[in-house]
Amino acid sequence: MRKMMFVLLLLCSTTALVGQEWKVKKGDLSPSFTVIGKDGQLISSEDLKGKVVLLNFFASWCPPCRQELPRLQTEIWEQWGQREDFVVLVLAREQGWDKLDPFMKEQHYSFPVFPDLKREVFSLFADSQIPRNVLIDKSGKISYLSIGYSESEFSDLVNLIAEDLK
């Protein structure tokens with residue numbers, strides 16, 4: 001019985017770790033990606049060179065995402081969203097405008113949101129688990145990666161953005 005419990009515990013912890021893996025690491029050049037705005041405008045990673053870029057992957061149904069997004073709105077978007085050298089791309093994993101429009105209106109969010117219906121951008125960085133944040137510095141290198149939400153880790157992200165924008 002003890003051996004069986006140990007094996008189950010080992011399997012659960014291994015599965016949890018595998019699900020948290022990144023396909024990229026800090027210091028890597030960001031993979032190339034393109035997002036499509038509601039107006040059909042294409043935003044490519046090539047267009048973002050020379051800027052600090054925050055990619056936030058979320059879903060409107062995700063409880064930790066719903067904890068994180070109000071802070072993204074007030075501490076990041078309202079603080080630096082209008083800067084020419086900073087871009088925020090909030091990508092809704094597997095959700096389209098039919099879900100995003102009412103969610104954004106209901107929550108009074110003004111940051112830019114984009115559907116990632118087929119996980120085309122998300123899958124460049126990871127396979128599972130949200131929320132995730134990827135910070136890309138002005139040279140195009142990944143400077144920060146986070147999975148899930150915690151107050152202290154999000155504060156670290158805010159502080160890093162502030163440093164990168166000095």
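Reader: What should I keep in mind about the model before I start?

Author: The model is predicted, so local features need pLDDT of at least 70 and side-chain atom pairs count only at pLDDT 80 or more, while totals for chains, interfaces and linings use all residues. Residues are numbered from 1 along each chain as its sequence is written, and side-chain values use heavy atoms, with hydrogens and water left out.

Reader: How many helices and strands does the protein chain have, and in which pattern do they follow?

Author: Helices (H or I, at least four residues) and strands (E, at least two) are DSSP runs, numbered from the N terminus. Here there are 5 helices and 7 strands, and along the sequence they read α-β-β-β-α-β-α-β-α-β-β-α.

Reader: What is the strand order in the open sheet?

Author: Two strands pair if DSSP finds at least two bridges between them. The open sheet has 5 strands in the order β5-β4-β3-β6-β7, and its pairing is mixed. At the edges stand β5 (113-116) and β7 (142-147); each has a single partner strand, so one side of each is left without a neighbour in the sheet. From one strand to the next, the twist averages 20 degrees; axes are lines fitted to C-alpha atoms, for helices over the stretch in contact, and angles run from 0 to 180 degrees between N-to-C directions.

Reader: Which residues stand opposite each other in the paired strands?

Author: Let's follow N133. Strand β3 (residues 52-58) pairs with β6 (residues 132-136) in the antiparallel sense over 5 bridges, and there N56 stands opposite N133. On to β7: β6 and β7 also run antiparallel, joined by 5 bridges, with S146 as the bridge partner of N133. The hairpin of β6 and β7 has 5 residues between the strands, and G140 takes a positive phi near 90 degrees in it. For the parallel case, look at β4 and β5, joined by 4 bridges, where V90 stands opposite V113.

Reader: Are the residues on the two faces of β5 buried or exposed?

Author: Buried means under 20% relative accessible area, exposed over 50%, partly exposed in between (1.4 Å probe, protein chains only). In β5, V113 and P115 on one side and F114 and D116 on the other are all buried, and both faces are covered. Across the protein chain, buried residues make up 44% of the 166 residues.

Reader: Which strands does helix α5 lie across?

Author: Helix α5 (residues 151-164) lies across β3, β4 (86-93), β6 and β7, and runs at about 165 degrees to β7.

Conventions. Contact means heavy atoms within 4.5 Å.
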